[in-house]
Amino acid sequence: MYELEEKWYLYFLIAIPVMAMLFGYIQFWKRKKQREFGDLELIKKLSPEKSVFKPVLKLVVVLLALACLIIGLVNPKIGTKLETVKREGIDIIFAVDVSKSMLAEDVAPNRLEKGKQLVSQIINNLGSDRIGIVAYSGSAFPVLPITTDYSVAKMFLQGMNPGMISSQGTSIDQAINLSMTFIDKKDKTNKLLIIITDGEDHSDSAKEAAEEAKKAGLKILTIGVGTEKGGTIPLKRNGIVESFQRDQNGDVVITKRNAEVLKAISKSSGGGYVDGNSTKAVLDYVKNALDNIQKTEFESTQMADFKSQYQWFLGFGFFLLLLDVFLLEKKTKWVKKMNLFNEKE
């Protein structure tokens, strides 16, 4: 396991391909000017000691040195041992609606991105709770099992989109049923399911699923994104709107948030509902809900004792720069004696 302390230095790595392209352009320009000056074979005879390979080798050495110095500034750290730590919290499962209706832009930038922003903000405010992620539309898909690694959770969260599940529609009961499989009956840790959706449900089993979740000890909070007025579903290609989603009759679909369905689901499980269009309202509501849930102590394994490795990269980088000083652009004598390219003929 490793971590990068100063990641922003990685942007300097862009200089490496830029320098390589600049070197290639200069060599092309030199060769073009030499052709204008005279015959290339004659020019080679006028400078017999000049190596064609050495300038390329020097460039490679310099670029490797630059890469090592940049990585040294980033300061990669490697964990040297695993340790078990005791934490106190609850298990939180986020079920995010990724159906096409979540692409409606009645909230900025759209319902799905707003929902992902809410989940990310909630994660930022968590302490030592464990989290899992489920994506659903016509069916449900486990994105991330229960974990304490919030950075990995955010990475998976950002990659969620309507294309990850082939069956379209919205079946909240599928998300609830899948979330229940995350529950270990032997584990006494309290469980909370947070559903982020516009409330459009194409099944009639969500309320029954919520009641079963309550029996299993899974409380449900629902967060509704979108507006009652609703909005169209833009169909984009390369970020440009080409058309809008239409129904079987050819009419443009207007999708609306259904808060009543979400309130009924949360009520059936002993949870609650909050308007997801206000980030502050969501964060305050979730914080209050978490404060009222009893925390349970559990053990988790994590990498510890991270040690800096920058000195190896800086040392090798400076060694390569020193090596470059002693690399001359003329041919090496012992290589020349080998006559690898039949130069003496």
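Two strands pair if DSSP finds at least two bridges between them, and strands themselves are DSSP runs (E, at least two residues), numbered from the N terminus like the helices (H or I, at least four). With that in hand, Tyr-136 stands opposite Ala-140 in β5. Please keep in mind that this is a predicted model, in which local features need pLDDT of at least 70 and side-chain atom pairs count only at pLDDT 80 or more, while totals for chains, interfaces and linings use all residues. Residues are numbered from 1 along each chain as its sequence is written, and side-chain values use heavy atoms, with hydrogens and water left out.

**The chain as a whole**

- The protein chain holds eleven helices and 13 strands.
- Of its 345 residues, 39% count as buried, where buried means under 20% relative accessible area, exposed over 50% and partly exposed in between (1.4 Å probe, protein chains only).
- Taking contacts (heavy atoms within 4.5 Å) between residues at least 6 apart in sequence, 82% join residues at least 24 apart.

**The six-stranded sheet**

- Six strands make an open sheet in the order β5-β4-β3-β6-β7-β12, with mixed pairing.
- β5 and β12 (272-275) stand at the edges with a single partner strand each, so one side of each has no neighbour in the sheet.
- From one strand to the next, the twist averages 15°.
- β3 and β4 are parallel and share seven bridges; Ala-95 stands opposite Val-134 in β4.
- β4 and β5 run antiparallel, joined by five bridges, and they form a hairpin with three residues between them.

**A second hairpin**

- Strand β9 (residues 234-237) and strand β10 (residues 240-244) run antiparallel and are joined by four bridges.
- Pro-234 has Phe-244 in β10 as its bridge partner.
- Two residues lie between β9 and β10 in this hairpin, and Asn-238 in the turn has a positive phi of about 55°.

**The nonpolar cores**

- A nonpolar core is a set of buried Ala, Val, Leu, Ile, Met, Phe, Trp, Tyr and Cys residues joined through side-chain atoms within 4.5 Å.
- The largest such core has 35 residues, and Phe-94 and Ile-194 touch the most other members.
- At least two residues of this core come from each of β3 (91-97), α4 (111-124), β4 (130-136), β5 (140-147), α5 (150-158), β6 (191-197), β7 (218-224) and α9 (279-291).
- Leaving aside residues up to four places away in sequence, Phe-94 touches Val-119, Ile-122, Ile-123, Ile-131, Gly-132, Ile-133, Val-134, Ile-194 and Ile-196.
- Another core lies apart from this one and has 22 residues, including Leu-178, Ala-206, Leu-262 and Tyr-273.

**Helices α4 and α5**

- The axes of α4 and α5 come within 10 Å and cross at roughly 175°; axes are lines fitted to C-alpha atoms, for helices over the stretch in contact, and angles run from 0 to 180 degrees between N-to-C directions.
- That angle makes α4 roughly antiparallel to α5, a label for angles over 145 degrees.
- On the α4 side, Lys-116, Val-119, Ser-120, Ile-123 and Asn-124 meet Tyr-150, Ala-153, Lys-154, Leu-157 and Gln-158 of α5.

**A buried lysine**

- Lys-54 is found in helix α3 (residues 53-74) and is buried, with a relative accessible area of 11%.
- Lys-54 and Leu-328 lie 274 residues apart in sequence, yet 7.2 Å apart in space, C-alpha to C-alpha.

Note on methods: Angles under 35 degrees count as roughly parallel, over 145 as roughly antiparallel, 65 to 115 as roughly perpendicular and the rest as oblique.
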